[in-house]
Amino acid sequence: MWAFINKLRSPKWFYAISARLQPFFWVAATALILVGSVWGLAFAPADYQQGNSFRIIYVHVPSAFLAQSIFVSMAVAGLVYMVWKIKIADMAAAMMAPLGAAMTFVSLFSGAVWGVPTWGTWWMWDARLTSMLILLFLYLGVIALRGAFSSRDSASRAASVLAMVGVINIPIIKYSVDWWYTLHQPATFTITGRVAMPTEMWVPLLLMVLGFYSFFIALTLMRTRSEILRRESNKRWVRDLALEER
Amino acid sequence: MPNTESLSPATEGRTSARGAREPAGGLAVALWATLRRDLVLLMRRRSEVLNPLVFFALVITLFPIGISPDPDLLATIAPGLLWVAALLAALLSLDSLFRGDFDDGSLEQLLLTPQPLPMLGLAKVAVHWLLTGLPLALMAPVLGIMLSLPAGSYLVLAVSLALGTASLSLIGAIGAALTVGLSRGGVLLSLLVLPLYIPVLIFGAGAVQAAILGDGALAHLAILGALLALALMLAPWAIAASLRISING
């Protein structure tokens with residue numbers, strides 16, 4: 001265990017191992033998303049109430065899953081960085097943040113598009129919509145804070161602290177928004193037909209969720225690798241690597 | 001007077017900071033000294049204390065002008081308006097919480113004292129609340145009258161603001177500590193802190209709404225108290241970590 005953690009400290013080791021892992025995740029992501037979207041968009045039966053508009057779920061739900069998981073991963077990476085000073089963790093956290101913000105935006109946007117045929121409006125102050133919007137602001141805060149520091153070390157530590165503070169607050173925000181929403185009189189229409197979903201509907205959804213996660217891992221590995229090269233560009237092994245490439 | 005040295009942790013030199021000799025009195029004296037020093041400093045710059053209050057009154061004045069002077073309409077939106085305006089007023093004064101100490105170097109001295117930094121940070125936050133949150137809470141009922149807030153909710157308004165602004169000061173201090181080293185930290189501070197303020201706003205405004213409707217105000221106040229307890233427990237550590245980042249960066 002400790003040997004493994006010690007290895008993780010070395011960007012060189014991570015660079016080598018991620019080169020081997022990366023293709024698997026890219027293949028998995030491409031295959032799962034392809035199969036899932038073709039199945040979900042073309043072959044899954046239409047919803048008896050929502051018709052074909054329910055197919056937005058195949059983008060909406062996976063992106064919402066990722067939006068929340070990425071923030072938690074960012075906070076965990078921040079904790080690892082603050083406690084063990086593992087630089088890779090911080091690099092990964094920095095590379096995850098824009099993807100997380102993008103996924104939050106995608107889930108909000110696809111939710112808005114979905115809202116038009118089902119709710120008859122682009123936006124409602126629904127509890128889930130509201131907490132996703134707040135999550136988007138939290139992401140933007142972390143990204144902005146990291147960008148504001150001139151020293152990279154301070155930026156990393158500040159972003160880590162903020163991500164951890166944010167992750168403690170996410171459940172509180174979620175519950176308080178739920179409470180707030182139940183105090184406000186909820187609208188009469190809600191998302192329908194989600195409880196008993198037929199198998200032909202949820203299997204492609206599961207594939208899409210797994211595909212999105214693989215995509216997240218693959219993209220984070222790829223971006224972390226380039227970040228390693230950027231941050232370690234004055235190290236010997238990176239120079240050797242550059243010479244080899246030439 | 002044996003405690004003169006520890007009474008002014010801001011001017012305490014490096015010699016005693018590294019624990020060669022624990023100043024007499026320990027933590028309690030250091031806390032009291034920090035409290036007293038900050039209070040004195042702020043009382044000498046009264047405009048800084050008054051600005052958030054004036055801002056609060058001004059923002060509340062804008063709403064009847066911008067929306068409608070109709071008392072019925074104002075009464076329905078008054079709880080939320082008062083809470084949002086108070087929240088923004090508290091945010092306004094947040095940037096100066098550590099700024100002065102950072103600029104003149106006394107924050108570094110605070111970090112060098114042998115006393116635990118979270119507690120000293122807590123003392124500074126307490127001063128911020130005493131001179132921002134508490135006055136806002138006391139002033140809110142007056143503005144409530146101007147917004148024709150229904151009778152019977154004034155006490156709840158003041159209590160909810162007093163409880164809520166304490167949490168706001170604690171959460172906001174994390175943001176202030178993170179951005180104190182940045183030259184243009186002010187706008188960033190609001191981006192960092194406002195999303196974290198939302199639970200307090202929900203239950204604060206909810207308490208006043210509940211008091212108007214006639215039931216459940218105590219439940220909201222209890223949750224505000226719980227949020228404050230949680231913030232009291234966790235925020236000082238985050239404030240201390242953030243201050244260290246800002247100073248060493």
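Author: Here is a walk through the rings, the charges and the packing around them.

First, the ground rules: this is a predicted model, in which local features need pLDDT of at least 70, side-chain atom pairs count only at pLDDT 80 or more, and totals for chains, interfaces and linings use all residues. Residues are numbered from 1 along each chain as its sequence is written, chains are lettered from A and ligands numbered from 1 in the order in which they are written, and side-chain values use heavy atoms, with hydrogens and water left out.

Let's start with the rings. A pair of aromatic rings is described by the distance of the centres and the angle of the planes. Here, rings of Phe, Tyr and Trp (its six-membered ring) pair if their centres lie within 6.5 Å; planes under 30 degrees apart are stacked, over 60 edge-to-face, and the rest tilted. Over all chains, the whole structure holds five aromatic pairs. One of them joins A:Tyr15 and A:Trp237, and it counts as tilted because the planes sit at 55°, with the centres 5.5 Å apart. A:Tyr15 is in helix H2 (residues 11-43) of chain A and A:Trp237 in helix H8 (residues 236-245) of chain A, so the pair ties together parts that are 222 residues apart in sequence. Helices, by the way, are DSSP runs (H or I, at least four residues), numbered from the N terminus. As for burial, under 20% relative accessible area is buried, over 50% exposed and in between partly exposed (1.4 Å probe, protein chains only). A:Tyr15 counts as buried because its relative accessibility is 15%, and A:Trp237 is buried with a relative accessible area of 15%.

Next comes A:Trp26 with A:Phe215, an edge-to-face pair at 6.1 Å centre to centre and 70° between the planes. This pair also links distant parts of the chain, with A:Trp26 in helix H2 of chain A and A:Phe215 in helix H7 (residues 199-231) of chain A, 189 residues apart. Here A:Trp26 is partly exposed at 25% relative accessibility, and A:Phe215 is partly exposed with a relative accessible area of 25%.

The rule asks for NZ of Lys or CZ of Arg within 6 Å of the ring centre and within 35 degrees of the ring normal. A:Lys85 does this too, with its charged end over the ring of A:Tyr81, 5.9 Å from the centre.

Now the salt bridges, where a side-chain nitrogen of Lys or Arg is within 4 Å of a carboxyl oxygen of Asp or Glu. There are twelve of them over all chains. A:Glu227 and A:Arg231 meet in one, at 2.7 Å from N to O. They are separated by about one helical turn because they lie four residues apart in helix H7 of chain A. A:Glu227 is buried at 5% relative accessibility, and A:Arg231 is buried as well, with a relative accessible area of 15%. They also belong to a network of salt bridges that links A:Asp90, A:Arg146, A:Glu227, A:Arg230 and A:Arg231.

A:Arg157 bridges to A:Asp153, with the closest N and O atoms 3.8 Å apart. Both sit in helix H6 (residues 152-183) of chain A, four residues apart, about one turn. A:Arg157 is buried with a relative accessible area of 16%, whereas A:Asp153 is partly exposed at 42%.

Finally, the packing. A nonpolar core is a set of buried Ala, Val, Leu, Ile, Met, Phe, Trp, Tyr and Cys residues joined through side-chain atoms within 4.5 Å. The largest has 128 residues, and A:Leu145, B:Phe56, B:Phe98 and B:Ile239 have the most contacts inside it. Helix H10 (residues 185-213) of chain B gives the most to this core, with 14 residues. Contact means heavy atoms within 4.5 Å. Not counting residues up to four places away in sequence, A:Leu145 touches residues of both chains, among them A:Ala158, A:Leu162, B:Leu178 and B:Leu192.

How values were computed: Helices (H or I, at least four residues) and strands (E, at least two) are DSSP runs, numbered from the N terminus.
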